[in-house]
Structures are given as C-alpha cells and as structure tokens.
Amino acid sequence: MPFVPQKYHNIFMVILSGIMVSISIYHVWFWLIWIALVPLLSVLLSQPPKKAFFYGWLFGITEASVLLFWITASTQRYSGSQTLLGVPIWMAAVLYYAFFPALFAVVFTWFFGKKEHIKSSLVLQIILAGAIWILCEWLRMNLLPGMPWLKYSLGFTQASNLNGIQLAAVTGQWGISAVIMAVNYLFVYAIVKKQCSVAVIGAGLVLLFYGFGFIASNPSNEKSKPVKIAILQENMKAETKWQASTGDSLAAIYFNLNRQAVKKHPDIILWSETALPWTFRTDDDLLHMILQITYESKAGHILGSLSEAEGDPGKVYNSAYYIEPDGRVTSRYDKVDLLSFIEKPLLSPSLRVPFLSQGVHNNVLAGSDIRLLNTSFGKIGVLICNESLLPYQSHKAVKMGADFLVNMSNDAWFEGTHLVKHHFYYARMRAVETGKNVVVNSNRGIAGLIEGNGKIIKRHVSTLPSCIDVELTPGTRTTLYQTLGDWMIWAGIFILISAFLFNRKMKHGN
C-alpha cells in the first residue's frame, strides 16, 4: 500500500483483514468473506511462528472489537447500573476471542510461513489451511458454551444466502468455513506466486460452492399432514414488570393474542421464552383464562415459563411446557445450556452480571437432559434462546425423533444489537444441518418459519404484539451431518496430526 509506511504495512493489512471479516459477520455479507482473509494470510506467509502470534492476535482483537462493541453499553443498561462494568467484560471477551486467531496464525505459519516447512501439493495445502482454521473455531465456540457472543464462524456469513448455507447439511458450518479459508488461500497463493490460473481456480471453487447449494436447496416432496402453528409474539420490553399497576394491561395483551390465534384455527399455539415470568402452576388464573379463550380451537400450547425446582427452594428451571386444550400437561423441557453471567455464573457466584436485576429470577438451574415435547402432531424438539447457536442440541433432539424444532427466545435484552438478526440466522443453520423445519418465536426479535432446506417461509419483525400463523409439514428428510455429526472436526484433527508427523519425518530425513 503506497500510502502506508513500509514498517506499518503488515499491521495495516492485518487490521484491514480483521475489519473485513467482522463486517462480513456483522452484516452477514456472504460475498465479502471470500477475500476478507487475503490481507491476513499474505502477511502470515512471510512470518515465522513467533511473529505470527502477534499478527493473529491483532487480527482477532480487531475482529472481536467490532463484533462485541455492544457489550459495554448493554451491560450497563441491563444491570441497571451507570458504572463502567461493561468495559472489563468487553475487554475480557475480546481477549478471549483474539487468542484463537493467534493460535491459528502460529500453527499456520509453522506449516506455511517463512521457513516453508510444508512440501506438498496445492490441494493438500488448502485442505490443511482449512483444517487448522475450523479446529480453532471449534475450540473457541465450545470451551465457553454459555456465551452466544463467541459463537461466530466464517461459515455463519453464508446464513443470509440460501445457496451458500446448503453445505451445512453435509459438513455442518465447519465445512463452509473450510471452503472460505481454501478460497482465500488460493487468492493469496495466486498473488504471491503470480499465478493467475490459481486465482481462476479459487473463483471456480466459489461458483462450484454456490452451484452445489442451488441444486441442494430444492425442496423434497413431503406427504405428512401439515401442522398449523400460531406464534404469539408479545413483544414486551425487557424492563416490563408484572405488578399490580401493570398486571391487567399486560394480561389483556395475552388475552387478545390468543383471541387472534383462535381465528386462525391452529393446531399448536407457540409462546416465547418465559412468556409467563413466574413459576408454572396448573391452577394459575391467567393460564386458566387463556385456556378458556382457546378451548374452542382445540389447540395445544407450547408455553415458556419457569419451573420450581423440587427439593431446592428458590431455584427454578427455564422451561417449555406442552399443554393440551383441556389443560393437561403432557411433557416439559428444561433448558440445558444456560447463559453465562446471566442465568449462571462463569466460575463462581461472584462473577454473575446482574442482567436480570430488573426481572424476577436469576437463580436458574440447568436441565439434566434433552427431552422432546410429545404432541398429537408429532414430537417437537425445543431450543430455548442460545441453544440454537451451536448444533448439538438440535442434533440430539432430531436423533431422539423430533419431527420439527421450535426456537423460543427473548431477545428484548439484546434489542438494538445485531444479535437479534443473527439469532434468526443461527436457527436457519440448524434447519439445514438437521433437515428439519424450525419455528422461531422471539420476544422483541424475529419470528417465523424456516424449512428444512433453509428456505425462509415467513419472517416477521415488529415491536407490537403480533400473532403470526405458519404451516409446516413435519419432514422425513435426513442429512449427512445429522447422521455423522462433527465428522469434519475429526477429519481436521487427523489431517493436522498427519501433516505434523509428515513434516517432522521430512525434517529429520533431511
């Protein structure tokens, strides 16, 4: 870059790459990511591993600073405090996020950098580069599972494109990340080696990627009986409190939504996460009135509420109930993957951020295992809030026999941030991975229906109380990823170990 002093050239390139990747993820721009890593990789190819750590760390700091900038203001707002509590939380999250690009940089340069350890074909090089990246992504996303803001992958950038997301049915999001890394590496190789033909190969790989997606996105013909679902999106603000002065008006919103639902003749009425923000009781007056309103429709309810923990006074579960039209509760799911700092402390109770200081409960227990809701319309897998951000909950639910999935959440706490849009796109990824329809209901977020091939049938955004009707056909479609799980991660480990042993053998042989 002629306008950048030579001694700052590498720093500028790495920061540029971090900005491009963060923008790609933030806006879910599927097209920019194909070149976003080129500046970073071009710098790493000329570095020894020790220097590469700094450049990878700087890249990660830049990317995470942009993606996680909302944490400071949000923490202050949700904790009900005007202190700078959010600053150290933001800094800790950024530093954690940045460690993994730094780790990638060290391993990458050990194979590809200045000392040129690796001696292999271009095909093997792009496979190895992809393997290193997805293993670092996998580590970052799984070491702290209760933090949804750390779950981004290169593959997530394709969630806004129907064709771009289809490979997830075969490889999960990891395969998409690997292809993105491969294309970026091919472009860098073409620049460094001055081989235009390699750039053409990279462009061809992108076209092949979307061509596969176009073919794979064609829906299959399902012959099951359709299920009509009314989504009740109450859209209450995060600060809303049920108390004597507001109880009647809030209850009126629920009554009106259920009256609207009855007119749509649904089979199931789907509520959002903790729509009833107190512990569930079968003799609850509000619930009794609602069941009277909807009885004529003969619709069952999937209701989000809290459940009192037996034998542990004061503790609750974040639950989803299936309630028959006559009020009988046939099944219940308790959220397994709790949010760190919000529903559970990270390491100790003193590290809890009081996001729920304006709510009723912050003493939530994790459910013991995944359970399906048993209904007359099939078995339903439930993902509560952040449980849609990683594939394991949906994968296990479908493996247990779920006919379709519902994602119940409350995005009011994150209103005004990019997490609201991202939450919906994560659900889209889960639909493609499992091949199952996903019904989404998020308070102050996005509600709708995503088919098992990733096609968005309905997407509703509003700040007003809304009743959205959708119709799905419980699918029998299965996917390779649903069958084999994270086989790409195991393949990546095998590739990395094999390459390491081969290089050591070559080094000692010479």
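Author: Of the 510 residues of the chain, 57% count as buried, where buried means under 20% relative accessible area, exposed means over 50%, and partly exposed lies in between (1.4 Å probe, protein chains only). Please keep in mind that this is a predicted model, in which local features need pLDDT of at least 70 and side-chain atom pairs count only at pLDDT 80 or more, while totals for chains, interfaces and linings use all residues. Residues are numbered from 1 along each chain as its sequence is written, and side-chain values use heavy atoms, with hydrogens and water left out.

The chain has 16 helices and 14 strands; helices (H or I, at least four residues) and strands (E, at least two) are DSSP runs, numbered from the N terminus. Of the contacts with a separation of 6 or more, 72% are between residues 24 or more positions apart, a contact being heavy atoms within 4.5 Å. The accessible surface of the chain comes to about 21500 Å², and carbon and sulfur atoms hold 63% of that. Such areas come from the Shrake-Rupley method with a 1.4 Å probe, and for residues only the protein chains shown count as cover.

E12 is mostly covered, with 5 of its 5 residues buried.

Next come the partners of E12. Two strands pair if DSSP finds at least two bridges between them. E11 and E12 run antiparallel and are joined by 3 bridges, with Val 439 standing opposite Leu 449 of E12. These two strands make a hairpin that has 2 residues between the strands, and there Arg 444 takes a positive phi near 60°. E12 also pairs with strand E13 (residues 456-461), again in the antiparallel sense, over 5 bridges. Ala 447 has His 460 as its bridge partner in E13. The hairpin of E12 and E13 has 5 residues between them, and Gly 454 in that turn has a positive phi of about 95°.

Let's stay with Arg 444 for a moment. Side chains of opposite charge can pair when their charged atoms come close. Arg 444 forms a salt bridge with Glu 415, the closest N and O atoms being 2.9 Å apart; the term stands for a side-chain nitrogen of Lys or Arg within 4 Å of a carboxyl oxygen of Asp or Glu. This pair links distant parts of the chain, 29 residues apart: Glu 415 is in the loop between strand E10 (404-410) and helix H14 (419-434), and Arg 444 is in the loop between strand E11 (438-443) and strand E12 (446-450). Buried or exposed, how does Arg 444 count? Arg 444 is buried, with a relative accessible area of 12%, whereas Glu 415 is partly exposed at 24%.

Arg 430 and Glu 433 have their closest N and O atoms 2.8 Å apart. The two residues are 3 residues apart in H14, so about one helical turn separates them. Both Arg 430 and Glu 433 are buried. Elsewhere, salt bridges that share partners join Lys 264, Lys 458 and Asp 469 into one network.

One of the bridges in question is between Lys 264 and Asp 469, with the closest N and O atoms 3.8 Å apart. Lys 264 lies in the loop between helix H11 (247-263) and strand E2 (268-270), and Asp 469 in strand E14 (residues 466-472), so this pair ties together parts that are 205 residues apart in sequence. Lys 264 is partly exposed at 31% relative accessible area, and Asp 469 is partly exposed at 36%. In the whole structure, a search finds 8 salt bridges.

What does a search for disulfides find? It finds 0 of them, a disulfide being a pair of cysteine sulfur atoms within 2.5 Å. As for cysteines, Cys 136 is buried at 7% relative accessibility, while Cys 196 is exposed at 64%.
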